[in-house]
Amino acid sequence: MNKLANLNTQEAKDRRLIASAQRLAREINESGIPDDLEDGERALAEFRKVSHFEFDQGAVWAWLGGQRFRAPWETLSEVEEAFPGQGLLRIQRHLLVRPEAILSHRPLLNGRAQIRLTDGIELEVSRSMTP
C-alpha cells in the first residue's frame, strides 16, 4: 500500500512540475522570446539560455544570444521572485545576471569590475558588488 501511495504522490508532484513548466513556457512565449518550445521542459532550458535581465525604458528585457526580448515581468524583483534559488546577481540597479553566464571578470581602475558573458556582451559591475 505504501508503494502505491508513494507512486501517487510522485505522479502528483510530476504533474505539478509539468504544469509549472508549461506556465513558464507560456510566459516566455508572451514575452517575445522565440516560440520554439514543444513542452514545459523546454521552457526551463530557455531560462538557461538567458544571460541576463535588464530594466530599461520602463520594461524588463531578457537577453539571449546577444539580442534582447521583452519579458513578462514589470520589475527585476519580479524576475528574482520567478526564479528563486537561481542565484541571480544584481550587478547594477538595472541588471540581473545569471552566474552561469559569466565567462570572465576583470577589475577596472575606478574600483568597479567588468564581466564578459557567454553571448559576448560585456557589462560593468557596480562598486558595491565588486569585492
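**Exercise 1. Find which backbone nitrogen of Gly66 or Ile121 the side chain of Asp119 reaches, and at what distance.**

Step 1: Start at Gly66, where the side chain of Asp119 reaches the backbone nitrogen at 3.4 Å.

Step 2: Now go to Ile121, whose backbone nitrogen lies 3.4 Å from a polar atom of the Asp119 side chain.

A quick word on the model: it is predicted, local features need pLDDT of at least 70, side-chain atom pairs count only at pLDDT 80 or more, and totals for chains, interfaces and linings use all residues. Residues are numbered from 1 along each chain as its sequence is written, and side-chain values use heavy atoms, with hydrogens and water left out.

**Exercise 2. Work out where Asp119 sits and what it touches.**

Step 1: Look in the loop between strand 7 (113–117) and strand 8 (122–125); strands are DSSP runs of E, at least two residues, and helices are runs of H or I, at least four, numbered from the N terminus.

Step 2: Leaving out residues up to four places away in sequence, Asp119 touches Ser51, Gly65 and Gly66 (contact: heavy atoms within 4.5 Å).

Step 3: Asp119 is buried (under 20% relative accessible area, with exposed over 50% and partly exposed in between; 1.4 Å probe, protein chains only). Even so, Asp119 has no salt bridge, and the nearest side chain of opposite charge, Arg116, is 8.2 Å away. A salt bridge would need a side-chain nitrogen of Lys or Arg within 4 Å of a carboxyl oxygen of Asp or Glu.

**Exercise 3. Sort out how Phe53, Trp73 and Phe83 pair up in their aromatic cluster.**

Step 1: Rings of Phe, Tyr and Trp (its six-membered ring) pair if their centres lie within 6.5 Å; planes under 30 degrees apart are stacked, over 60 edge-to-face, the rest tilted. The count comes to 3 aromatic pairs.

Step 2: Phe53 and Phe83 have ring centres 6.3 Å apart and planes at 25 degrees, so they're stacked. Phe53 is in strand 1 (residues 50–56), and Phe83 is 30 residues away.

Step 3: Phe83, at 9% relative accessibility, counts as buried. Trp73 and Phe83 have centres 5.6 Å apart and planes at 70 degrees, so this pair is edge-to-face.

Definitions and conventions:
Lys, Arg positive; Asp, Glu negative; His and termini not counted. Polar contact = N/O pair within 3.5 Å; in protein donor to acceptor, adjacent residues only side chain to side chain.
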